[in-house]
Amino acid sequence: MDVESAPKFAKPTAPPKRRHGCRNACIALVVILLLIVVLIVILAFTVFKAKHPVTTVNSTKVRSLKASVSIAPLGLNLNVTLDVDISVTNPNKVGFKYEDSTCLLNYRGEQVGEVPIPADEIGADQTKQMNLTLTVLANRFLSNSQAYSDFLSGVLPLNTYTKMSGKVTIMGLFKVHVVATTSCDLSVYVSNSTVGNQQCKYKTKL
């Protein structure tokens with residue numbers, strides 16, 4: 001006896017239009033994502049490109065200067081305090097966060113004083129003013145053999161050196177490390193307690 005097998009039905013397939021629609025949607029999504037990535041990269045290297053913070057020494061003044069020479073025994077008593085006015089300008093479109101920094105006071109290549117600069121943040125396109133007070137450490141200053149001759153000549157050659165390290169975060173994705181340094185040579189005149197011949201050099205590295 002012949003037995004007829006049940007007919008087999010083919011698995012339904014998605015209509016061609018539906019398949020094409022899904023493929024086109026995926027392609028459009030990929031294109032949009034690529035355009036967003038390209039736009040972010042363009043903005044990161046144009047509008048939001050990391051720029052050098054500018055550190056400027058606006059003025060250096062002598063707050064106090066007390067000096068005297070003792071004959072017997074021969075010695076020099078010195079107390080010098082400087083007021084240094086510094087401004088840091090952030091030209092970036094995002095904030096600049098800097099770490100704990102230091103302003104140094106040097107005499108003929110040797111450190112004779114320092115003042116800390118606490119960590120902080122400077123907003124986009126803003127300038128921060130800093131009023132620093134530097135005091136000469138007499139024992140370090142007098143340990144230099146040229147201290148007596150410079151004092152008797154009436155001119156003390158000093159140098160202020162400020163280094164600020166921090167970072168700029170662009171669009172929350174790119175972090176750029178920034179180091180800004182300022183070195184100023186100046187002369188302190190003992191007779192009238194004034195500062196002259198100030199020459200500053202500025203340097204920034206990204």
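Which residues make the nonpolar surface patch of about 380 Å²? The patch is made by Leu29, Ile32, Leu33 and Ile36, where a patch consists of residues with over 30% relative accessible area and no salt bridge, like charges being joined within 9 Å and nonpolar side chains (Val, Leu, Ile, Met, Phe, Trp, Tyr) within 5 Å. Accessible areas come from the Shrake-Rupley method with a 1.4 Å probe, and for residues only the protein chains shown count as cover; a salt bridge is a side-chain nitrogen of Lys or Arg within 4 Å of a carboxyl oxygen of Asp or Glu.

This is a predicted model, in which local features need pLDDT of at least 70 and side-chain atom pairs count only at pLDDT 80 or more, whereas totals for chains, interfaces and linings use all residues. Residues are numbered from 1 along each chain as its sequence is written, and side-chain values use heavy atoms, with hydrogens and water left out.

Turning to the strands, two of them pair if DSSP finds at least two bridges between them. Strand β8 (residues 155-170) pairs with strand β3 (residues 96-98) in the antiparallel sense over three bridges, and here tyrosine 98 stands opposite glycine 166 of β8. Strand β4 (residues 101-107) also runs antiparallel to β8, joined to it by six bridges, with leucine 104 having tyrosine 161 of β8 as its bridge partner. Between β8 and β9 there are 16 bridges, again antiparallel, and threonine 160 stands opposite cysteine 184 in β9.

Cysteine 184 leads on to the disulfide. The disulfide is right-handed because the torsion about its S-S bond is about 110°. Cysteine 184 is buried, at 0% relative accessible area, whereas cysteine 200 counts as partly exposed at 25%. Cysteine 103, by contrast, is in no disulfide, and the nearest cysteine sulfur, that of cysteine 184, is 8.7 Å away; cysteine 103 counts as buried because its relative accessibility is 0%.

Methods. Disulfide = S-S within 2.5 Å. Buried < 20%, exposed > 50% of the residue type's maximum accessible area, 1.4 Å probe, protein only. Helix = DSSP H or I, 4+ residues; strand = E, 2+ residues; numbered from the N terminus.
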